Amino acid sequence: MYKIAVIPGDGTGTEVVREGLKVLEAVSKSAGFKYSIKEFDYGAERYLKTREVLPDSALEEFKKFDAIYLGAVGDPRVKPGILENGLLLKMRFGLHQYINLRPVKLYPGVETPLKDKGPEDIDFVVVRENNEGLYVGEGEFIKKGTKDETALQVSRNTRHGVERCIRYAFEFTRKRNKKKKLTLCGKTNVLTYAWDLWERTFNEVAREYTDITTDYAHVDATCMWMVKNPEWFDVIVTDNMFGDIITDLGAMIQGGMGIAAGGNVNPEGVSMFEPIGGSAPKYSGKNIINPLAAIAAIGMMLEEIGEKEAAKSVENAIIEVTSKKLKSLSAGKMGYTTSEVGDMVCQKIKMLL
Ligand code: IPM
Ligand code: MN
C-alpha cells in the first residue's frame, strides 16, 4: 500500500494532476498494486488567505509518505519568488531531494524543432544537482542603492554534495544501460573553484566505473550539442543552475513543456514528481492544457517506488497517444481536451497491461 501526498498547486496544476491521478488509478488496477492519496492545499490560494506558504510541520508530515506528486506553483497575484522559494525549493532542500532527474526523450509522433532529428536521436537524461550551487540563496548587497553597489550571489559546492550527485549519475548511467556514457557539463575554463571540485570528484569517481565512458563539455557547448548532435548524449550530470537552464532547452527539443516531466529524488527518502512547466495561468480553467507531462511524472514516480511494469505501461500508453492521436502537444492545439487526453491514456493502459 503506497501512500502518496498530492499537491495540485496553482493554475493548470490542478487540471493536470487530476489527469495524472486518473492514470494512476487505471494503472494500479491493471498492475495490481494499492495506494492511498492525501491531498494538500499548499499554493497561492492558501498563501493569499493565510500568508503561510509551507509550515515546517508539513515537511515532517511529508516524510511519512512514499512519494509526493506536485502539479505546479505560481500565481500572478503572488510576488515572484515567494511560492518558488517557500514551497518548491523548501521541499527540495528540506526533504534532501538532492537529485533532479530530467529525461529528455522525443516520443514517436512528437514534433521537435530540430531539423532531421527523430526519436532515435533525442533520448538522454539530465541529472541536475538539486540542493546546492547558486540555489543556496547565499549572498549580500554591499552599498545597496548607491552607484557603488555590489551584489554577491554565492555558489556553494560541497565535496559531499557534489560526490553524492556524481555517484548517483554513474549508477544511473549503468542501470540505464544504453550508451553507458556520462557527460559532465560545467564551466572549468572560467568558474575555476566550483568546477575544479566537480571535475576532480568526477574523475576520481569515474575510476570505479570502468564500464562507463566519460566525457566533459562546457555548459555553452552543451547547449550547442543538444541542438546540433543530441544523439551524442546518454546521461549528463551538472550543477543546479546549469541543470535548470539546459533542461528548459531539453524540454523544447523533446516537444515542449506539455511533455517534460521531472523527479526531485532523495534516494534514501521521499521523492517528489512534477511536470516541469509552470502553472500556465493563461490556460487555467479551460480544459486545454496538455496533461502528458504530469502523466509522465506519474510514470517516473512509479519507477522510483519500484512499480517498474506499471511505469513502463504508462510510458507505452503515452507513446500510443502521441504517435497516433494528438495533432500537437501545445495547449489548445491537441485536437482534444485535457480530460480527453487523460482518458485516452487510461484506455491504452487497459489495453496494454
Ligand atoms: C524548475 C523551475 C524552478 C527552478 C523555479 C520555479 C524555482 O524553474 O523546476 O526548473 O529554478 O528550479
Ligand atoms: Mn527551470
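Contact here means heavy atoms within 4.5 Å. In this predicted model, T183 sits in strand β8, and, with its neighbours within four places in sequence left aside, T183 is in contact with D215, Y216, A217, F233, V235, I236 and V237. T183 has a relative accessible area of 1%, and since buried means under 20%, T183 is therefore counted as buried.

## Helix α7 and what covers it

Helix α7 spans residues 219–228, and V219, A221, T222 and M226 are its buried residues. Viewed down the axis of α7, these buried residues fall within an arc of 145°, so they line one face of the helix. The cover over them includes the strands β5 (123–129), β8 (181–186), β9 (213–218) and β10 (235–238), together with helix α8 (240–253).

## Nonpolar cores

The largest nonpolar core holds 85 residues, of which L24, Y69, V127, F170, V237, L292 and L302 touch the most other members. Helix α9, residues 292–305, gives the most to this core, with 10 residues. Both domain 1 (1–99 + 261–353) and domain 2 (112–254) contribute, each supplying at least three residues to this core.

Leaving aside neighbours within four places in sequence, F170 is in contact with L182, F202, V205, A206, Y209, I212 and T214. A second, separate core consists of 23 residues, among them A44, Y47, V53 and M91.

## A buried glutamine in a loop

Q97 belongs to the loop between α4 (82–94) and β4 (99–105), and its relative accessibility of 0% means that Q97 counts as buried. When residues up to four places away in sequence are not counted, Q97 touches I68, M91, R92, N130 and N131, and also N264, V265, N266, V270, S271 and M272. One of these partners, M91, is also a member of the second core.

## Enclosed space

By the rule applied, the model has 1 cavity of 30 Å³ or more, and about 30 Å³ of space lies in the largest cavity. The lining of the largest cavity is made up of R102, P103, V104, T247, G250, A251, Q254, A260, A261 and I276. Strand β4 and helix α8 each supply at least two residues of this lining; α8 is also included in what covers the buried residues of α7.

Note on methods. Residues numbered from 1 in each chain as written. Chains lettered and ligands numbered in written order. Predicted model: local features only at pLDDT ≥ 70, side-chain atom pairs only at ≥ 80, totals over all residues. Heavy atoms only, no water. Buried < 20%, exposed > 50% of the residue type's maximum accessible area, 1.4 Å probe, protein only. Helix = DSSP H or I, 4+ residues; strand = E, 2+ residues; numbered from the N terminus. Arc of directions from axis to C-beta. Core = buried A, V, L, I, M, F, W, Y, C linked by side-chain atoms within 4.5 Å. Domains from an automatic or database assignment. 1 Å grid on protein atoms, 1.4 Å probe; cavity = no way out; pocket = protein on both sides within 12 Å on 5 of 7 lines; lining within 4 Å. Points joined across faces, edges and corners; volume = space filled by probe spheres on them.
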